[in-house]
Each structure stands twice: as C-alpha cells, then as structure tokens.
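This report describes a protein model for a reader who is new to structural analysis. Please keep the sequence and the structure in view while reading.

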Amino acid sequence: IKDTGQTTEEHTKKSIQMQYLARNFASQLKDRLSKERLNEYGQSFEYKSVSMGKAEDGEFVTVEEFIDGEFVKFINNNGIVCEEDSTLLCWKAQTFSHFTFEKSDGKVIVLDIQGSGYTLYGPEIASIDIQNEDGSYQFCTGNLAKQAIDSFFDNHKCNWYCKLLQLKLRPN
C-alpha cells in the first residue's frame, strides 16, 4: 500500500468502492436477466453491503455481513480460474467476469470471484489503465491491470451462459 502512495484509509475506501462497483455489475446482470432470460439462466450472484470502520488501534477496516457456508474461490485476481471449470457456479462466475468487462466497454473487469453459493465478497477489479490521469492508482493493490484481463480471456472459454447473454467471444 505504501509503495502506491496510498494511506490505509484511502486503500480501505477503494476496497469498498470495488465492492459497490461489483455489486452494481451484479445488479445490472440481474436486471438484464429479468428482462430477457431469467428462467433459462437461473439464480445469479449478489454482493452484500460492506462498510468502513476504524478499529480501537486506529486501523481502518472493512466490515461485511457474515456469510454462512463453504468458501470457494472461482477466479483469482490474476484472471486464472481456480475452481474446477465444469461446475455450474464456476461457469456463472466466468460469465459474470466476462459480462463486467463487456458492460464497462472494456475498461474494467471484476475478478477475484469468491464466496459461498451465490453470495460473493472481496472482489478485485482489474482496469486497462492502472493509474488515473492524476497519477493515483485505480482501485487497490491487487489491480493487476491489463495483464490480469489478458490472462482471464486467454483462459476463459465462453460457456452456455455467455452464449445465453450473447457476450462477444473476446471483447475489445
């Protein structure tokens, strides 16, 4: 964090920003499905709210709702699929990442897809440009930028859900 010139407070705020951006993308996907193909797609992912807090020692922390169940990491922040590629949830996780990239016009992608069942938490966002115009870093230190995006699309095979949403094979 120090190498990026951020304070822990700034980094914590960016972590929350990523959670809400990922939550917004999940909501947009759900809206699209409700208009088009909800019955065919089935249940979709969601992100719960997250808040920022300050511990007694002054350290900034994120606070999120407890999610019961088995933790599974589907996609790492480097774009590599972690979970066995043939599971329904893994296919939907890959489709969600693919959707976020296309929905953002190729500017960002939600990676680090992990959670319990259809409830996700702790996303990482990779952006085409790692820095903003003012030289500050976009998102958090796990933003592996274009390298992670390329890695995801090098490893991702569009599945039935990508085809159902009519996602491009490899967005530009």
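## Basis of the description

The model is predicted, so local features need pLDDT of at least 70 and side-chain atom pairs count only at pLDDT 80 or more, while totals for chains, interfaces and linings use all residues. Residues are numbered from 1 along each chain as its sequence is written, and side-chain values use heavy atoms, with hydrogens and water left out.

Helices (H or I, at least four residues) and strands (E, at least two) are DSSP runs, numbered from the N terminus. Two strands pair if DSSP finds at least two bridges between them.

## Strands and their pairing

Strand β6 (residues 113-116) is joined to β4 by three bridges in the antiparallel sense; here Lys73 stands opposite Gln114 in β6.

Strand β2 (residues 50-54) and strand β3 (residues 60-64) are also antiparallel, with five bridges between them. Thr62 in β3 is the bridge partner of Met52. The hairpin of β2 and β3 has five residues between the strands, and Gly58 in this hairpin takes a positive phi near 90 degrees.

Strand β5 (residues 108-111) runs antiparallel to β8, and four bridges join the two. In this pair, Ile109 stands opposite Ala126 in β8. Is strand β8 (residues 124-127) covered on one face or on both faces? Both are covered: Glu124 and Ala126 on one side, and Ile125 and Ser127 on the other, are all buried. Buried means under 20% relative accessible area, exposed over 50%, and partly exposed in between (1.4 Å probe, protein chains only).

## Helices and their packing

Two packed helices are described by the angle between their axes and the distance between the axes. Helix α1 (residues 8-35) and helix α3 (residues 88-103) pack at about 95 degrees, with axes 10 Å apart. Therefore α1 is roughly perpendicular to α3. Axes are lines fitted to C-alpha atoms, for helices over the stretch in contact, and angles run from 0 to 180 degrees between N-to-C directions. Angles of 65 to 115 degrees count as roughly perpendicular.

Among the residues of α1 that meet α3 are Phe25 and Leu29, and their counterparts in α3 include Phe96 and Phe99. Contact means heavy atoms within 4.5 Å.

In helix α4 (residues 145-155), the buried residues include Ala148, Ile149 and Phe152. The buried residues of α4 pack against β4 (72-75), α3, β5 and β8.

## Val108 in its surroundings

Val108 lies in strand β5 and is buried, with a relative accessible area of 10%. Val108 and Ser127 are 19 residues apart in sequence, yet their C-alpha atoms are 4.3 Å apart in space. Leaving aside residues up to four places away in sequence, Val108 touches several others, including Phe25, Phe101 and Phe139.

## Cysteines

A disulfide is a covalent bond between the sulfur atoms of two cysteines. With a cut-off of 2.5 Å between the sulfur atoms, a search of the whole structure finds zero disulfides.

Cys82 is partly exposed, at 40% relative accessible area. The sulfur of Cys162 is 4.2 Å from its closest cysteine sulfur, in Cys158, and this is also too far. Cys162 is buried, with 1% relative accessibility.

Methods. Angles under 35 degrees count as roughly parallel, over 145 as roughly antiparallel, 65 to 115 as roughly perpendicular and the rest as oblique.
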